Amino acid sequence: MHIGSGLNTVSSMYRQQKGNNMKAPASAEKTFYTAETPKVYQIFTTDNMLWTGGNGTGLSYCLKYADDSTDENPVVLAKGVDENGKEFEQRIYINDVNPSNATVVEMRALEAHYKVEKQGGFTSLPLEAGNMGLNDRRDFIAMFKKSIEDLNKLGRFDLSLLWTKSMDTYLNLPNANSKYK
């Protein structure tokens, strides 16, 4: 028995059972569709990628430097799919990102550009960033402070110190000035 033909049969039966609601992907390299899952941006890592991933909302994207990025004016290109399955592409001007009023994509660009140490090897951002959509803006400094306060109440001073270190890193970035603090 040929495995490929068996899978084709199962796939065909599934489409019939679902009333042919499944769509074929426009590009098998970028997206896929099923009856139960939203569109997902599949990220293929290359040497020039700064960051790839997503969060719990369905937002998935990759970051790389734009062709016109310079040391004086770093520009990061974000490309992916938002929490609603809509493709997006954004230019992020690193020198203009304010951690007190930023999107999760902007903060990931800062994290990648400045090579901010990831706490536990996973993230340098507050855990609430995992619930943010593409255009949601938050005060990440306030989010850090709340997490630190909560961890101190729980007696988790070890974790509190890790998040304090992350917050201090963002407060002391070269482009951070007194208006961010």
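A residue counts as buried when its relative accessible area is under 20%. Keep that cut-off in mind for the close-ups below, which all come from a predicted model.

**View 1. Thr 123, tucked into a loop.** Thr 123 sits in the loop between α2 and α3. Its relative accessibility is 4%, so Thr 123 counts as buried. Look at what its side chain is up to: it makes a polar contact with the side chain of Arg 108 at 2.9 Å, and it also reaches the backbone nitrogen of Leu 125 at 3.0 Å. If you skip the neighbours within four places in sequence, Thr 123 is in contact with Arg 108, Glu 111, Lys 118 and Trp 163.

**View 2. Glu 128, in the loop between α2 and α3.** Glu 128 is partly exposed, with a relative accessible area of 32%. Leaving out residues up to four places away in sequence, Glu 128 touches Met 143 and Ser 147. Met 143 is 15 residues away along the chain, and the C-alpha atoms of this pair are separated by 7.6 Å.

**View 3. Helix α3, from end to end.** Helix α3 runs over residues 140-153, and its 14 residues should span 20 Å at 1.5 Å a residue; the end C-alpha atoms are 20 Å apart, so the model agrees. At the start of the helix, a side-chain oxygen of Asp 139 comes to within 3.1 Å of the backbone nitrogen of Ile 141. Just after the helix, Gly 155 takes a positive phi of about 80°.

**View 4. The buried face of α3.** Which residues of α3 are buried? They are Phe 140, Ile 141, Met 143, Phe 144, Ser 147, Ile 148 and Leu 151. Seen down the helix axis, these buried residues fall within an arc of 160°, so they line one face of α3. What do they pack against? Their partners are α2 (104-113) and α4 (157-171).

View 5. Strand β1 (residues 49-54) pairs with strand β2 (residues 60-65) in the antiparallel sense, over five bridges.

**View 6. The largest nonpolar core.** This core has 33 residues. Those with the most contacts inside it are Tyr 61, Leu 63, Ile 92, Val 104, Val 105, Phe 140 and Tyr 170.

How values were computed:
Residues numbered from 1 in each chain as written. Predicted model: local features only at pLDDT ≥ 70, side-chain atom pairs only at ≥ 80, totals over all residues. Heavy atoms only, no water. Pairing = 2+ DSSP bridges. Helix = DSSP H or I, 4+ residues; strand = E, 2+ residues; numbered from the N terminus. Expected span 1.5 Å × (residues − 1). Buried < 20%, exposed > 50% of the residue type's maximum accessible area, 1.4 Å probe, protein only. Arc of directions from axis to C-beta. Contact = heavy atoms within 4.5 Å. Polar contact = N/O pair within 3.5 Å; in protein donor to acceptor, adjacent residues only side chain to side chain. Core = buried A, V, L, I, M, F, W, Y, C linked by side-chain atoms within 4.5 Å.
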